[in-house]
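Hello,

Here is the structure I said I would pass on. Please open it first; my notes follow below.

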Amino acid sequence: AQDLLASPVPNVQTLGAIILLNHATPPDQLPQGVLAGLIQSPTPQVRQAGVRLFGRLPEAKLLENYAVIAAFCVSPYTEVRQAAQPIVQGLVEKHPDFGQNLLAELLPYLSRREAYEGLHEDLFQLFTGPLDGFGSQIDRETTLQLLLSGHAFAQQYGFALLQKNIPPEQLSVRQIIWLANHEMLGVRRYAWQIFNDQTPRMQAE
């Protein structure tokens with residue numbers, strides 16, 4: 001497999017990576033540099049295989065490599081970002097602190113200009129997938145800031161958090177009116193539903 005990986009032909013490299021993925025050798029017993037070489041390959045399929053192999057490292061080793069996994073999640077490469085999500089899923093089930101820290105670290109990327117095509121969408125999938133259980137740690141101010149963002153996936157995530165974490169009674173009338181004029185149709189409908197459900201309060205305030 002190593003000879004195949006050394007080939008200059010992408011299809012041959014991919015074959016080598018597939019062989020490694022299906023090999024009985026644990027990834028932590030691979031020769032030094034093989035795993036890094038896969039992850040840094042110029043060939044997308046090889047990079048993806050490298051991240052998948054990385055995810056098979058012993059759990060303790062993965063926890064030690066928090067920074068590497070976080071970097072995978074915001075990688076320039078779609079296949080790397082997506083291959084990282086099952087790794088995150090497996091870790092957060094037993095180690096919620098890992099998920100809490102990862103969400104807190106990666107959330108700001110959703111409100112920034114997208115550095116790589118598809119990054120916001122993949123982060124949205126990560127936040128509403130493997131990290132979905134940790135959204136309750138995001139406060140009301142941050143949720144409303146996401147809704148204020150000029151980025152579509154930030155707004156979508158903010159709306160998801162709004163519905164899950166903030167009871168309508170905790171929203172001021174001014175905030176509800178603002179939501180009723182939001183650019184997202186779903187947000188507008190949500191606000192109008194609050195108006196209909198809480199008519200006496202709206203009239204009183």
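Arg140, Leu144, Leu147 and Leu148 in H10 are in contact with Gln175, Trp178 and Leu179 in H12. By class, that contact has 5 nonpolar, 1 polar and 1 charged residues. Bear in mind that this is a predicted model.

How do the two helices lie? The axes of H10 (residues 140-148) and H12 (residues 173-180) come within 12 Å and cross at roughly 25°. H10 and H12 are therefore roughly parallel to each other. Their crossing is left-handed.

Now look at Thr143, which also lies in H10. Thr143 has 0% relative accessibility, so it counts as buried. Beyond its neighbours within four places in sequence, Thr143 is in contact with Ile138, Gly158, Leu161, Leu162 and Ile166.

Next, the aromatic rings. The structure holds 6 aromatic pairs. Among them is Tyr66 with Phe98: the ring centres are 5.3 Å apart and the planes are at 80°, so this pair is edge-to-face. Tyr66 lies in helix H6 (residues 66-73) and Phe98 in helix H8 (residues 96-106), so the pair ties together parts 32 residues apart in sequence. Phe98 counts as buried, at 4% relative accessibility.

Trp192 and Phe195 form another pair. Their ring centres are 5.1 Å apart and their planes are at 35°, so the pair is tilted. Both sit in helix H13 (residues 185-197), 3 residues apart, which is about one helical turn. Are they buried or exposed? Trp192 counts as partly exposed at 48% relative accessibility, whereas Phe195 is buried, with a relative accessible area of 17%.

Best wishes

Terms used: Residues are numbered from 1 along each chain as its sequence is written. This is a predicted model: local features need pLDDT of at least 70, side-chain atom pairs count only at pLDDT 80 or more; totals for chains, interfaces and linings use all residues. Side-chain values use heavy atoms; hydrogens and water are left out. Helices (H or I, at least four residues) and strands (E, at least two) are DSSP runs, numbered from the N terminus. Buried means under 20% relative accessible area, exposed over 50%, partly exposed in between (1.4 Å probe, protein chains only). Contact means heavy atoms within 4.5 Å. Axes are lines fitted to C-alpha atoms, for helices over the stretch in contact, and angles run from 0 to 180 degrees between N-to-C directions. Angles under 35 degrees count as roughly parallel, over 145 as roughly antiparallel, 65 to 115 as roughly perpendicular and the rest as oblique. A crossing is left-handed if the near helix is turned anticlockwise from the far one by less than a right angle, and right-handed if clockwise. Ala, Val, Leu, Ile, Met, Phe, Trp, Tyr, Cys and Pro count as nonpolar, Asp, Glu, Lys and Arg as charged, and the others, Gly among them, as polar. Rings of Phe, Tyr and Trp (its six-membered ring) pair if their centres lie within 6.5 Å; planes under 30 degrees apart count as stacked, over 60 as edge-to-face and the rest as tilted.
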